[in-house]
Amino acid sequence: MASVPSLASTVNQRLADALSAALPDAAPADPLLRRSDRADFQANGILALAKKAKANPRELAATVVEGLATGDVLKEIEVSGPGFLNITVSDRAIVETLAARAADARLGVPFNEHAGTTVIDYAQPNVAKEMHVGHLRSAVIGAAMVEILEFTGEKVVRRHHIGDWGTQFGMLIQYLVEHPSELDHGGAEGDQVDGEEAMSALNRIYKASRVLFDSDEEFKTRARDRVVQLQAGDPESRALWQRFVDESKIYFYSVFHKLDMQIEDADVVGESGYNDMLEETCQILEDSGVAVRSEGALCVFFDDVKGPDGNPTPLIVKKSNGGYGYAATDLSAIRNRVGDLKANTLLYVVDVRQSLHFKMVFETARRAGWLTDDVTAHQLGFGTVLGKDGKPFKTREGETVRLVDLLDEAIDRATTVVREKNNEKVGLSEDEIVENGAQIGIGAVKYADLSTSAARDYKFDLDQMVSLNGDTSVYSQYAYARSKSISRNAAGAVEPKPHPELELAPAERALGLHLDQFGETVAEVAAAYEPHKLAAYVYQLSSLFTTFYDQCPILKSEVPADVAANRLFLSELTAATLHQGMALLGIRTPERL
């Protein structure tokens, strides 16, 4: 089914046509339509247009109103102040537009069949290292953008650029050569290893090898020699390196599973995946003059990037000792993603503290011709997760918080809330309490992250996250469950059906107008990479539904049948919209709470 035009877009087009008719010699003008507290919409564009045309804005506004027909979509138009237009749409138009949305499986959200290909680089943990709270935001924000972009028609290629290469592997591999049973697990051969067990073994090896590396000069020498062997392709070193990678993936996947995220092995392409391209990348940059030699290193310089001493700070592509910097890997990844994956857009969900690095990498890629006006790269930078005290989130001992511990605590807290709310009327079994607790706990963590503008820091406060009140995922999940409960109770007594002929109560109008904004909101969020605006939409919808629930009864005997049917229709469209909106954010919506 084709997308359903929103009332705002319909009104906007009619205003634009009326403006053109009023000023036929002027260029097409934007009416600057927005939602208003004084009416359904307000148009402010006449003031700027009147100034250009040297016309009286109130007189021009009156001329525009005369050219607008009322009755079908437009109910009332009032000239206000110096030339604003306050616009009220008809109840019939609201209900008919919502009926069209309800009839569409996509709720009228546009689907672009000619969209391009976006590669999203997100969820990038490091091999042989535990995931901590700092890994949360890239995973959650990136996964939401994958869902949102795919829903709007974009072909999305996921890439998890894990840290699976570097000098630390010499230390780890050499230790394993000398202690070959350290990565073995207890149990029968073929037994499944769980994530915690895998991480425990990796942690043990990392700590033990680090102690040796720092205290035993002979081991340090052997470890450094092992790095050279690994980079040269020595079969034994490569095989042991692969064991570390495979063991780490068992752990990664267990954490992502707890986060209710699906990670496919084919999408995990770490630093090592670009090793064969590094020298060629450097050669292309040097031959084209994009990179130059400076003190033995291959560098790219920028006029606007200088150090504290005022001297230019270059992007180092190849070090003076022949080693490759992160830039060589990132630039090779761009070549691969543009040349082989045919991406039109590259989206990097990485910490804002890496902004300068990516600014230089993107500019280098533009100079090299890998990025163009038609092939672009963007950093969706995110801020830091803070504790309640406003400082970077740490344990009481000053350690970085393990991501698994944080998720487990969120699930425990949420499960307690679900159990306390359970009663004979709700009637959840113990299995359902546990399942709902997991969905609410993980949803709470994701929503707290996504409801904050990505670039801002946010405070991690589990008490607030699992609260039934305020801007939380739990509030919206309960609104959804309440709507589903109404539908169950109405079964056999009331059939949901739109009634455009009815006059709507204020709470019905407010809910209906907000429901109509869903398609435009999703499109705006996808275009600007701003999932927090979808979270804000979901919260406002939940809030408007709560008011509607309080003020507009459905199942009371005194409610006329057509009014009850129309209200049940609004309730069920709200549930469908909440379900879809939350799903795009990666959050589940239990039907009974």
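This is a predicted model: local features need pLDDT of at least 70, side-chain atom pairs count only at pLDDT 80 or more; totals for chains, interfaces and linings use all residues.
Me: Ok, and how does E7 pair with E8?
Reply: Strand E7, residues 292-294, pairs with E8 in the antiparallel sense over three bridges. Opposite Cys 299 in E8 you'll find Val 292.

Me: What about the hairpin of E7 and E8, how many residues sit between the strands?
Reply: Two, and Glu 295 takes a positive phi near 50° in that hairpin.

Me: Which residue in E9 is the bridge partner of Val 300?
Reply: That's Leu 315. E9 covers residues 315-318 and runs antiparallel to E8, joined to E8 by three bridges.

Me: Switching topic: what order do the strands take in the open sheet of four?
Reply: E1-E2-E4-E3, with antiparallel pairing. E1 (33-35) and E3 (74-80) are the edge strands, each pairing on one side only. On average, neighbouring strands here are turned by 25° against each other, ignoring direction.

Me: Which strands does helix H1 lie across?
Reply: E1, E2, E3 and E4. H1 is residues 7-22 and runs at about 135° to E4.

Me: And H3, which strands is that one touching?
Reply: Helix H3, residues 57-66, packs on the sheet and touches E3 and E4, with its direction at about 170° to that of E3.

Definitions and conventions
Residues are numbered from 1 along each chain as its sequence is written. Side-chain values use heavy atoms; hydrogens and water are left out. Two strands pair if DSSP finds at least two bridges between them. Axes are lines fitted to C-alpha atoms, for helices over the stretch in contact, and angles run from 0 to 180 degrees between N-to-C directions. Contact means heavy atoms within 4.5 Å.
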